[in-house]
Amino acid sequence: MMQETRLGEYRARWLPSIQAVDRAAWNTLSGAEVFPFLEWEWLYHLEASGSVTPEAGWTPNHLTLWSGHELVAAAPMYLKWHSDGEFIFDQIWLELAYRLGQAYYPKLVGMCPFTPAVGYRFLISGRVSERLATEAMIRAIELFCRENGVPACHFHYVDSKWAGSLYRYGFLAWTHQSFLWKNQGYASFEDYLNNLKSNARRNIKKELHCLQDSGIEVRPYSGESIPREYLATMYAFYTSTNAQYGPWGCHYLNRDFFEAVFRDYRRRLLLMAAFREGSGDIPVGMSLLVHKGGHLFGRYWGCREQIRHLHFQVCYYSPIQWAIQNGLQFFEPGIGGAHKLFRGFQLTPCLSLHRFFNSQMHWVVNSYTEQINGLTNDQISRLNRKSPLKRSW
């Protein structure tokens, strides 16, 4: 059910589906952003495929801001009754709320579901004041939460510059770790290798030679060159990869979602497919990545058989080579995995933002956040000192 609130010159509308917003109007807001997971098509197919539903614990509740009949700002948001698929591990806060006798759910969450990639922010038209539009949206969020008994609002994996604009509204920043590769003007993959210290460079070459000796070849496919039949293979790989982790797997997407993005969103997709010599066009392993505006994001991977070093090749080395060849500046491979550090990625801080509408809960969390963030930043600095990069950034 759509809710609407008058906020000065604007009207805030809460929408139960991204389909309630015109695709072109939404993408006009998101078009200048480098973050592809805020585009209408990606968000729409999460909902239309049935991957994001109230039954799954994700109730779409998108905030839009209107001036007359013009959409001037938007934020994909969801009501949540659990923390699955957020990759922000806030169970300690759930326990704290329980000890304080406070409710923790439902919570209002701003992020792209199941996507721990850095870049979430409000989408605001360049035709209006960003400050005034932000103030109106924050006011709409506060009114919604207080009127509907929602204890808190959370934004996950946010754009770092945007985060700074929300501190004045009482949001607390929680620091996490992410990995990032930066193109330091490399002319070739060999250039990238030469910026690594000898041990790391030697180990990577050894891994690549091992795959070559096993008859493994990796081919990139992007846009319209992606064979349609590979969508079924990619979904099967995604499913089998998550099945390895049992109840801790992250099998949130269904086959309909993969079919839809391969059909309607190919312009952003990159597929790294690995083939064994003599196997024809049947991939033995594959990774799916998304790119936009000079940024590359690693998302999903899987394989038909366990082949040593294949994961590193299709998820790191081949995407890095493709990024260099195509002039991309950044590659975010995904969270977790200290092994990334020894392959030319660096740890970077990423933020989630939180505002609790219960003053006691907010005070307790705020009391410890600064200390926890300091420890996280110290760990990031300490681990980055082990980086094999000759020129860090």
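**Pockets and helix packing in the predicted model**

In the second largest pocket, at least two lining residues each are supplied by α5 (160-164), β10, β14, β15 (330-332) and β16 (346-356), where helices (H or I, at least four residues) and strands (E, at least two) are DSSP runs numbered from the N terminus. The structure is a predicted model, in which local features need pLDDT of at least 70 and side-chain atom pairs count only at pLDDT 80 or more, while totals for chains, interfaces and linings use all residues. Residues are numbered from 1 along each chain as its sequence is written, and side-chain values use heavy atoms, with hydrogens and water left out.

A pocket is defined on a 1 Å grid over the protein atoms alone as an open set of points where a 1.4 Å probe fits, with protein on both sides within 12 Å along at least five of seven lines, and its lining residues have an atom within 4 Å of a point. The second largest pocket holds about 530 Å³ of space, a volume being the space filled by probe spheres set on grid points that are joined across faces, edges and corners. Its lining comprises 21 residues, of which Val-118, Gly-119, Asp-159, Ser-160 and His-295 lie nearest the centre, and β16 gives the most, with four residues. By class, this lining divides into 11 nonpolar, five polar and five charged residues, with Ala, Val, Leu, Ile, Met, Phe, Trp, Tyr, Cys and Pro counted as nonpolar, Asp, Glu, Lys and Arg as charged, and the others, Gly among them, as polar.

The largest pocket has a volume of about 1300 Å³. It is lined by 49 residues, and those nearest its centre are Phe-87, Tyr-245, Cys-250, Arg-299 and Ile-335. Two or more lining residues come from each of β10 (172-182), α8 (230-243), β13 (285-292), β14 (295-303) and α10 (310-325), with the largest share, five residues, coming from β14. The lining of the largest pocket contains 24 nonpolar, 19 polar and six charged residues.

Helix α2 (residues 40-48) packs against helix α9 (residues 255-264) at an angle of about 150 degrees, with the axes 9 Å apart; axes are lines fitted to C-alpha atoms, for helices over the stretch in contact, and angles run from 0 to 180 degrees between N-to-C directions. This angle makes α2 roughly antiparallel to α9, given that angles under 35 degrees count as roughly parallel, over 145 as roughly antiparallel, 65 to 115 as roughly perpendicular and the rest as oblique. The contact (heavy atoms within 4.5 Å) is made by Trp-42, His-45 and Leu-46 of α2 with Phe-257, Ala-260, Val-261, Arg-263 and Asp-264 of α9. The axes of helix α1 (residues 23-30) and α2 come within 9 Å and cross at roughly 125 degrees, which makes α1 oblique to α2. Arg-23, Trp-26 and Asn-27 of α1 here meet Trp-40, Glu-41 and Leu-43 of α2.

Helix α7 (residues 198-213) and α10 pack at about 110 degrees, with their axes 9 Å apart, and are therefore roughly perpendicular to each other. Their contact involves Ile-204, Glu-207, Leu-208 and Leu-211 of α7 and Leu-310, Phe-312, Gln-313 and Tyr-317 of α10, a set with six nonpolar, one polar and one charged residues.

Two backbone features were also noted. The peptide bond from Tyr-105 to Pro-106 is cis, with omega near 0 degrees, and Pro-106 is found in the loop between α3 (91-99) and β7 (107-110). Phe-114, in the loop between β7 and β8 (123-124), has a positive phi of about 65 degrees although it is not a glycine.
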